[in-house]
Amino acid sequence: MRLTDIHRCEIRPGRLVTWTLHPTAVEGVAGLPEDARPPAYVQEAHVRTARSVREDGLFVPTWLGTAFDIPGRVDLDVLEGALRAWTLRHETLRSGFRWADGPPGAPGTPTSPGSLNDELRRFTLAPDAVVLHREDVGDFRDGAALPRYLQDRFDIAADALSWPNFIYSAVVRDDSTSVYMAFDHTNVDSYSIFRIAHEIHQLYTAGLDGTKVDTAPVASYVDFCASERTHADGIDETHAIVADWRKFIARCDGKLPNFPVDLGLDPEGPLPTQKLMREWLTDDADAAAFEAYCRPYGGSMVGVLAATALIVRDIGGQQVYRTVVPFHTRARSEWSDSVGWYVGGAPLEIPVGQVSDFDGALDLVRTALRAKRPLSRMPIARVLKLLGSDFRPTSPDLYSIVSFVDTRDIAGSERWDGLKAYGLIRVSYGDQVCAWITRLHEGLQFAARYPDTDVASKNMRLYVAGLRELISSVAQEAPRRGALGGAGNCATSPHRPAAENPAPGGALTRP
């Protein structure tokens, strides 16, 4: 599933239909009691950041989404049933937040921000209250007008400071229907997005056939949030994890790290608009060869980080590459099929100035990831709170990321190309770089959003060109190294670990 934005996902004209929660269901939220299960720290941080940026006078959409086709003439009643069944399967979609000292319903602005009652509380709609409202918007014959309309509609309907904060839509044609779904980030991560097309197809096909989908119950992300928060609240400022983060942030000049190349930012200027970059890095053969070369060190994720460390050193002269590495937090198999934001982060420092080649960088990354991965199990927002530092967010992204996800084992991924399936990124404002490298059946795809400056554009293109060149050269070297007994003659060493398989959600390994 290629990552892109709403303007580059092959939108074709047709009749637009949308689904949101029925107004009666939304009205009923005001009378709902508090759900004792608190928000996850990542959810609360996201909502507070959205509020902070909004109070500074800027509306910054941050939704995620997916797009895919249903071949043939669609039965809208059956599709609506599939969408409702899928919504009921994932409890987070009927759960939202409000401020303790604010108006009922969505988390806009509390009456007294900063007061003791400036606390985010959860509410959850009962399953039998979930009713979808269908709207026939009308025909769109202009291929340019439709994506603009969808983006504007999604910006409002999938806003972090409103509820409900998701919307489903379909562009209906005689030969096929394209489904577009958008969600505020509090409800989904990339792995959640990658799974949706297959699940909706399963439910739709079963609805046409009059059968039921034989699936086990899906664990609730809302339950996970409560469990994770209880664990996170069990530590204090003396914990070793907090000490590690304190040292890392101090070495980043008191901030979490941005992408370490010149982005042409004006420190005193407004939050810049962003641009989208998306390109193919390699085909399947070179991606497989790159993976084989990196496998003794831990796989393609290690390779991508090692390559990045070397390339940004060449571009900007950084002798130590500092970044926050995303890892999934689906620590138990029960969370595998659950929709939610199961992502943590670990601080990584690669003293790349100490090495002269790719093998040396691979070894540094492998060692650092082994040491620091446990830190990702503690939410960063909890750590920052314990540090007592003033991290009032002024950007929708707290730090830059370079993420790797191998999607080939995700159900239905072999059909993505034929179904025109995409993961959707909302590109709006931000001073950070968020880059995603996705292993698909066809090869490696690169996508990123970055500040829209001439300097950033130049350096991001240098980075991608360097990444492509290094991966290609390593892929060409892999067969020869294999004949010599493995990368750096270490594949047969008894001191090397077994290969670790990249896991969904930007993680290196499955726990």
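How are H8 and H10 oriented to each other? In this predicted model, H8 and H10 are roughly perpendicular to each other. The legends below take this pair of helices and several other close-up views in turn.

**View 1. Helix H8 crosses helix H10.** The axes of H8 and H10 (residues 358-372) cross at roughly 65° and come within 11 Å. Angles of 65 to 115 degrees count as roughly perpendicular, so the two helices fall in that class. On the H8 side, the contact is made by Phe290, Tyr293 and Cys294. These residues meet Phe358, Asp359 and Leu362 in H10. By class, the contact of H8 with H10 holds five nonpolar residues, no polar residue and one charged residue.

**View 2. A four-stranded open sheet has the order S9-S15-S14-S12.** The pairing in this sheet is mixed. Strand S9 (274-283) and strand S12 (401-406) are the edge strands, each pairing on one side only. From one strand to the next, the twist averages 15°. Helix H8 (residues 284-294) packs on the sheet and touches S9, S14 and strand S15 (443-451). The direction of H8 makes about 85° with that of S9.

**View 3. Strands S12 and S14 pair in the parallel sense.** The pairing of S12 with strand S14 (residues 434-440) runs over six bridges. Within the pair, Val402 stands opposite Ala435 in S14. Strands of a sheet pair through backbone hydrogen bonds, either parallel or antiparallel.

**View 4. Strands S10 and S11 pair in the antiparallel sense.** Strand S11 (residues 343-350) and S10 are joined over eight bridges. The bridge partner of His328 is Val343 in S11. Strand S10 (residues 321-328) is mostly covered, with seven of its eight residues buried.

**View 5. Thr308 is a buried residue of helix H9.** H9 spans residues 300-316, and Thr308 lies in this helix. The relative accessibility of Thr308 is 0%, and Thr308 therefore counts as buried. Apart from neighbours within four places in sequence, Thr308 is in contact with Phe259, Tyr321, Val402, Tyr463 and Leu467. Arg54 is 254 residues from Thr308 in sequence, and the C-alpha atoms of the two residues are 33 Å apart in space.

**View 6. Helix H7 packs against helix H11.** H7 (residues 240-251) and H11 (residues 380-387) pack at an angle of about 80°, and their axes are 10 Å apart. This angle makes H7 roughly perpendicular to H11. From H7, the residues in the contact are Ile241, Val242, Trp245, Arg246 and Ile249. They meet Ile380, Val383, Leu384, Leu386 and Leu387 in H11. The contact of H7 with H11 divides into nine nonpolar residues, no polar residue and one charged residue.

**View 7. Cys252 is in no disulfide.** How many disulfides does a search of the whole structure find? The search finds zero. For Cys252, the nearest cysteine sulfur is that of Cys434, 16 Å away. A disulfide here requires a pair of cysteine sulfur atoms within 2.5 Å. Cys252 is buried, with a relative accessible area of 11%. Another cysteine, Cys225, has a relative accessible area of 0% and is buried as well.

Note on methods
Residues numbered from 1 in each chain as written. Predicted model: local features only at pLDDT ≥ 70, side-chain atom pairs only at ≥ 80, totals over all residues. Heavy atoms only, no water. Buried < 20%, exposed > 50% of the residue type's maximum accessible area, 1.4 Å probe, protein only. Pairing = 2+ DSSP bridges. Axes fitted to C-alpha atoms, helices over the stretch in contact; angles between N-to-C directions. Contact = heavy atoms within 4.5 Å. Parallel < 35°, antiparallel > 145°, perpendicular 65-115°, else oblique. Nonpolar A, V, L, I, M, F, W, Y, C, P; charged D, E, K, R; others polar.
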